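Open the model in your viewer and keep the selection panel at hand. The tour takes in a cavity and then some salt bridges.

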Amino acid sequence: MRLPSQVSTRLAAALVASFATLGSLAADTGAGHRPRLVVGIFIEGLSQDYIDLLRPGFGPDGFNRLLDNGLVMESVDYGPGIDATAATAILVTGASPSVNGVPSERIWSPSTLTDVPSLLPAGKEGSYSLTDVTPARLLVSTLSDEVRIADGGIGTVHSLSSDPQTAVILSGHAGNSAFFISDTDGRWLSPSHYRETPAPIARRNVGLTLASRLDTMAWEPSRPLQTYPDLPEYKKLYPFRHTFPARETERFRMFKASPKGNHEIALTATELIESLQLGSRQVTDMISVAFDLTPYLYGRDADNRIETMDAYLRLDRDIAAILKAVDRGAGFPSSVVFIAGTPGPSGGRKDDERWAIPTGRFSPRKAVSLLNLYLMAIHGNGQWATGYHNGFFHLNAKLAKERGVDIMALRAQTAEFLTRMSGVSEAFTIDDIIARRAGDNGAALQRNIYTPAAGDVMITVNPGWEITDREDGETLREGNPLPVVRWQATTSPVYIIGPGVEPATLSGTIDARAVAPTMARILRIRSPNAAAQAPVRQ
């Protein structure tokens, strides 16, 4: 039956108005349907400077494909004090740690006086496995959650990473599977929250195990040393070679920190895309993978520029393989791929003594002991300072209450004492941080602190200084060096390619919280529930 023209006009106007009210559907991707496949590639330590330097050496199908045909955000800002785990959570939730609940890879446990994974459930601190980590500690919805919700759970969501918590963050609360590579035997493991085990994962855990192949692997330069750009002549004389022998107790961690680990993840991702036929239905599937481009710290030379450049060149080929798997499946008219960099560790290995770079050693353990002696002289015997983690000193609030000591005054005394300690540049109380009175950008620092997991006084250590007490309890050895403080900006690039995304380069600084709503706009779904930033407009 044909409707009267006036009715048709009013109905069309009503439909247009109703869609306009849905911010999540505000984008026109230029296609007749929502994308059927989303591929998220998260890269710790990705630097736009290295991308620019090495771009002539990249092939046409990896990074260059996104740089030539996609939206390039050269400088996405995460704010101060952020590691890769917290940055990944910001990317997928569109919310800062103060809201999403993930301030860092590890947090302090008052019950055990040690640091534990930030996604570990309460009550597990004393004895836990990495398969215990759960998205329950991620307090808001994620982009992958919204992908599943948009299709009523018919679409699927999967993630792969070398790290369990990153895998959880990428799959979110509603994901089908999340897998990471074990530090002890190289198997693919899954946090118990997720129930599915895709066939390629099962096959690699049984017939194609990493342990059976690792002895034969070696990481060497993938091209002649003379072709690596901007290298001093002496670096072109001695090629590196890194192996992962069975006698090495850290062999799986070393493997995961190398491009060989990235390649294993990429191979598994392409198998998942093809064997699960992701993107083949009229719903949206999503797969997210996490790679590592941080400096390789298991070698003997503190100058690891060649290894870093080689890691970029190898990852370019791995990304090309993933994009070709997308081409063979859903194809790019129906797919969106985005690459997001996250900040790498701010430290590194100490420069050779011959360069006379000012340095020193800061021992958190000694600092806690000295702080306790100072506070005991004022307030009487007791363990007033309980520990140090991730820049924060933790005080004994229970003891302060029992002795009638004002906790804010105790924090102020602690900050004053610590600022006089060698190697400490600044000290801020949590009260100053909450009030946005700390640092050069108090608002940004406050956003990146999750108060329930924060300590009482935060310090910054002088750049160039070594932190002598490893918080993870590992023994010090040649391949496991002391972390060296280096101050640096926490910015990374983001690249997006897909239907309706016009090629463009945005060189200004972009708030990292805007990435999730931008992706939601492209996918025509609602944004994660804590994503308050507006999408990036081209």
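How do the residues of the lining of the largest cavity divide into nonpolar, polar and charged? There are six nonpolar, three polar and two charged residues (Ala, Val, Leu, Ile, Met, Phe, Trp, Tyr, Cys and Pro count as nonpolar, Asp, Glu, Lys and Arg as charged, the others, Gly among them, as polar).

This is a predicted model, in which local features need pLDDT of at least 70 and side-chain atom pairs count only at pLDDT 80 or more, while totals for chains, interfaces and linings use all residues. Residues are numbered from 1 along each chain as its sequence is written, and side-chain values use heavy atoms, with hydrogens and water left out.

Select the lining, which includes Trp 219, Asp 292 and Glu 307. A cavity is a set of points on a 1 Å grid over the protein atoms alone where a 1.4 Å probe fits but cannot get out, and lining residues have an atom within 4 Å of a point. The largest cavity holds about 60 Å³ of space.

Next, select Arg 203 and Glu 271, which form a salt bridge with the closest N and O atoms 3.0 Å apart (a side-chain nitrogen of Lys or Arg within 4 Å of a carboxyl oxygen of Asp or Glu). Arg 203 lies in helix 8 and Glu 271 in helix 10, so the pair ties together parts 68 residues apart in sequence (helices are DSSP runs of H or I, at least four residues).

Move to Asp 285, which forms a salt bridge with Arg 281. Asp 285 is buried, at 1% relative accessible area, whereas Arg 281 is partly exposed at 34% (buried is under 20%, exposed over 50%, partly exposed in between, with a 1.4 Å probe and protein chains only).

Definitions and conventions: On a 1 Å grid over the protein atoms alone, a cavity is a set of points where a 1.4 Å probe fits but cannot get out, and a pocket is an open set with protein on both sides within 12 Å along at least five of seven lines; lining residues have an atom within 4 Å of a point. Grid points are joined across faces, edges and corners, and a volume is the space filled by probe spheres set on the points. Helices (H or I, at least four residues) and strands (E, at least two) are DSSP runs, numbered from the N terminus.
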